[in-house]
Amino acid sequence: MAFLKSNGACLREFTSQFPRPSRADNHKRRNVKWRSPQAAVVPNFHLPMRSLEVKNRTSAEDIKALRLITAIKTPYLPDGRFDLEAYDDLVNMQIENGAEGVIVGGTTGEGQLMSWDEHIMLIGHTVNCFGGSVKVIGNTGSNSTREAIHATEQGFAVGMHAALHINPYYGKTSLEGLVSHFDRVLPMGPTIIYNVPSRTGQDIPPRVVNTVAQSPNLAGIKECVGNDRIEQYTGNGIVVWSGNDDQCHDARWSHGATGVISVTSNLIPGLMRELMFSGKNPSLNAKLLPLIEWLFQEPNPIGLNTALAQLGVVRPVFRLPYVPLPLAKRVEFVNLVKEIGRENFVGEKDVKVLDDDDFVLVGRY
């Protein structure tokens with residue numbers, strides 16, 4: 001008890017050194033008008049969350065002019081989170097080698113394995129870091145119209161230049177439903193519609209495309225059905241990008257395609273630019289076909305993920321259910337790199353086969 005009394009006295013002595021606020025002081029504080037911190041205020045600037053309010057400086061015409069668009073890979077850290085440092089290096093290499101646009105969070109970028117928070121964050125990050133040097137096209141499509149609307153609003157709010165929209169997959173709808181789905185997202189900004197029946201299980205026929213093409217926001221179609229379909233559209237003045245790397249040379253120079261939305265350009269952006277910009281070049285096309293065939297022997301992005309890891313530009317980390325190509329196929333890639341020339345591929349490290357144990361497979365992240 002003596003100890004408590006002693007310490008209580010010390011505490012009273014200590015606190016008595018600080019003056020207590022008077023009633024007058026309290027009155028003054030209650031009557032002071034609060035002001036927001038000026039350092040946090042930028043006049044006439046806001047980040048709207050409704051895409052219809054965004055003054056997007058990119059028009060559909062700007063998107064229509066793009067020849068080489070890369071469906072950019074998303075690299076990972078060993079725990080499965082985004083490796084933004086490696087991602088930035090990948091985008092920089094695309095810009096340095098002439099890519100004009102990137103698809104963020106597409107099939108190649110594994111948007112299907114992302115939460116929407118991750119997805120929109122990556123679009124915003126890409127815009128903030130590279131939006132002045134390359135067009136950022138966010139994959140904000142969904143088989144749910146509600147989700148597609150919400151994600152597209154958010155994508156334009158964080159600054160993407162255009163949206164990529166797929167038709168509703170798995171829970172397929174009617175042709176009238178397709179038109180209604182696209183009609184809900186087209187008013188938000190420049191849009192590329194993506195037709196890949198091998199993944200969605202449903203073709204987007206010309207009847208639907210010709211109907212939605214009345215919107216001034218339709219930049220064009222990423223078409224994977226083939227070059228006959230591409231020529232059908234281009235003959236009617238609709239812009240088309242080939243979605244098939246193995247057909248893109250002929251699509252560009254013989255069937256009227258504007259260019260390509262490419263997976264292979266992740267590896268050889270300079271050569272893919274040459275294929276799209278330098279006129280007919282059947283010898284270069286033939287030189288690249290073995291690499292393209294190697295990339296797509298398993299569903300994309302398995303081959304690309306494996307190749308970029310072998311080139312040393314990303315960590316050998318896979319989000320499941322994707323797994324690396326087997327050892328024999330990795331040896332084939334090393335030989336392909338030697339045949340085409342290491343200098344034509346991204347990165348500066350020597351290409352390696354890698355052991356099976358080098359790969360990290362992440363199921364929870």
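Helices (H or I, at least four residues) and strands (E, at least two) are DSSP runs here, numbered from the N terminus. With that in hand, the protein chain shows 15 helices and ten strands. Please keep in mind that this is a predicted model, so to speak of its limits: local features need pLDDT of at least 70, side-chain atom pairs count only at pLDDT 80 or more, and totals for chains, interfaces and linings use all residues. Residues are numbered from 1 along each chain as its sequence is written, and side-chain values use heavy atoms, with hydrogens and water left out.

Let us start with the chain as a whole. Of its 365 residues, 51% are buried, where buried means under 20% relative accessible area, exposed over 50%, and partly exposed in between (1.4 Å probe, protein chains only). The protein chain exposes about 18300 Å², and carbon and sulfur atoms supply 51% of that area; accessible areas come from the Shrake-Rupley method with a 1.4 Å probe, and for residues only the protein chains shown count as cover. Taking contacts (heavy atoms within 4.5 Å) with a separation of 6 or more, 70% of them join residues 24 or more positions apart.

Now to the rings. Rings of Phe, Tyr and Trp (its six-membered ring) pair if their centres lie within 6.5 Å; planes under 30 degrees apart count as stacked, over 60 as edge-to-face and the rest as tilted. Searching the whole structure turns up four aromatic pairs. Tyr 76 and Phe 82 form a tilted pair because their planes meet at 35 degrees, with ring centres 6.4 Å apart; both residues are buried. Phe 333 and Phe 345 are edge-to-face, because their planes stand at 85 degrees, with centres 6.1 Å apart. Phe 333 belongs to helix α15 (residues 327-340) and Phe 345 to the loop between α15 and β10 (360-362), so this pair ties together parts twelve residues apart in sequence. Ring pairs also link Trp 294 with Phe 333 and Phe 345 into a cluster.

Finally, a charge sits over a ring if NZ of Lys or CZ of Arg is within 6 Å of the ring centre and within 35 degrees of the ring normal. The charged end of Lys 222 sits over the ring of Tyr 194, 4.0 Å from its centre, while that of Arg 252 sits over the ring of Trp 253, at 4.3 Å from its centre.
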